[in-house]
Amino acid sequence: MRKISTLILLFTMTISLAQNDSIFNRLQAISNNGLTFYNSDGFTITSETLNYPFTEKGLKKVYRKYAVKKDENKTKDDQLAFNNYFVTNDKEITEELVQNNTFYFIENKDKRITIIQFSAINKRDKAFEHTIIKSIIEKTIPNENYASMKIDSINFAGRKIKLGSNCSWTNVNTVQCPYYGEMNWSVHKDLEDAQNTVAQQLAITKSRKSGKVISEEIVDIQFEGTDTKAKKVIYDFTGITSVLARMSGGKTLTIYYVATEVRGNYVSCVLSFWNNDTITENGLAPLLEEVMKLKK
């Protein structure tokens with residue numbers, strides 16, 4: 001009986017380690033001034049530790065900082081091996097798109113409160129949340145998953161791309177290079193999740209009141225060496241936003257929405273450039289050309 005129990009334990013540990021390795025292959029992080037930002041599977045995740053004890057008084061201060069209302073339900077997650085409470089709330093973006101937020105307030109090993117927030121569109125994943133939380137609290141996320149705030153190169157779905165000092169992070173997995181383009185991406189566990197993410201990002205673009213989509217088409221591209229298709233959108237700004245855009249010389253934004261398999265990873269990616277950015281012979285801004293080509 002003891003041998004069977006040992007085998008079951010070893011099998012469970014092997015599965016757990018494999019799941020962690022898989023998530024770490026998809027996870028990227030940036031730390032800045034006490035806040036750490038993570039991206040994986042279309043989730044935006046943040047973590048922060050505040051110097052308050054995990055007591056009623058300490059938690060009240062943290063709830064206030066995170067704008068958690070008194071009447072919001074604070075529930076203990078018994079599946080976590082740490083003292084904790086979590087709160088969920090939803091923010092409607094459109095009739096079909098809802099941003100699902102989950103806040104975990106956790107007593108860490110230093111007896112202080114670590115806050116971990118998960119945000120995604122139209123989804124929650126408890127198993128995913130538990131794995132990330134355990135990795136953050138136990139500090140088991142590999143160093144190579146963390147990107148430097150100062151960009152020299154980026155890890156794009158397993159490939160290192162040299163960019164130089166002209167580019168900067170505007171969020172984790174979101175790179176902006178003045179007059180050279182911008183892109184954001186996420187690595188997913190399957191293609192369907194990647195496709196849903198780019199479809200949601202396109203829907204959010206269409207819902208914005210700052211402008212309107214003036215053209216939309218499917219185009220053939222080569223993305224990281226893979227032949228695939230992208231949704232190409234031209235977005236025209238209006239009103240005050242249009243005036244501000246024109247002051248910098250820009251008027252329209254060309255946006256590509258891509259979801260495909262890259263080196264065994266499933267990637268969602270949104271790439272864009274202004275009409276007055278540097279445009280290459282291939283018809284793209286230089287940053288976009290680092291990962292994609294238009295097929296003639």
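## Sheets and pockets of a predicted model

T46 lies in strand 3. Strands here are DSSP runs of E with at least two residues, helices are runs of H or I with at least four residues, and both are numbered from the N terminus. The structure is a predicted model, in which local features need pLDDT of at least 70, side-chain atom pairs count only at pLDDT 80 or more, and totals for chains, interfaces and linings use all residues. Residues are numbered from 1 along each chain as its sequence is written, and side-chain values use heavy atoms, with hydrogens and water left out.

T46 is buried, at a relative accessible area of 15%; buried means under 20%, exposed over 50% and partly exposed in between, with a 1.4 Å probe and protein chains only. Leaving aside residues up to four places away in sequence, T46 touches T36, F37, Y38, I115, I116 and Q117, where contact means heavy atoms within 4.5 Å. The C-alpha atoms of T46 and S119 are 8.9 Å apart, although 73 residues separate the two along the chain.

Two strands pair if DSSP finds at least two bridges between them. Strand 2 and strand 3 run antiparallel and are joined by 6 bridges; T46 in strand 3 is the bridge partner of F37. Axes are lines fitted to C-alpha atoms, for helices over the stretch in contact, and angles run from 0 to 180 degrees between N-to-C directions.

A further open sheet has 8 strands in the order 9-10-11-15-14-13-12-16, and the pairing is antiparallel. Its edge strands, strand 9 (168-171) and strand 16 (292-294), each pair on one side only. The twist averages 30 degrees from one strand to the next. Strand 12 (residues 211-223) is joined to strand 13 by 12 bridges, the two running antiparallel, and I218 stands opposite K231 in strand 13. Helix 4 packs on the sheet, in contact with strands 11, 12, 13, 14 and 15; the helix direction makes about 170 degrees with that of strand 14.

Strand 7 (residues 153-156) and strand 8 (residues 159-162) pair in the antiparallel sense over 4 bridges. They form a hairpin with 2 residues between them, and A157 in the turn has a positive phi of about 50 degrees.

The pockets are compared below. A pocket is an open set of points on a 1 Å grid over the protein atoms alone, where a 1.4 Å probe fits, with protein on both sides within 12 Å along at least five of seven lines; lining residues have an atom within 4 Å of a point. Grid points are joined across faces, edges and corners, and a volume is the space filled by probe spheres set on the points.

| Pocket | Volume | Lining |
|---|---|---|
| Largest pocket | about 1,200 Å³ | 46 residues |
| Second largest pocket | about 340 Å³ | 17 residues |

Nearest the centre of the largest pocket lie T174, E182, N184, Q201 and R208. Elements giving two or more residues to that lining include strand 11 (181-188), helix 4 (191-207) and strand 14 (252-262). For the second largest pocket, S47, T49, T114, I136 and K139 lie nearest the centre, and strand 2 (35-40), strand 3 (43-53) and helix 3 (126-137) each supply at least two lining residues.
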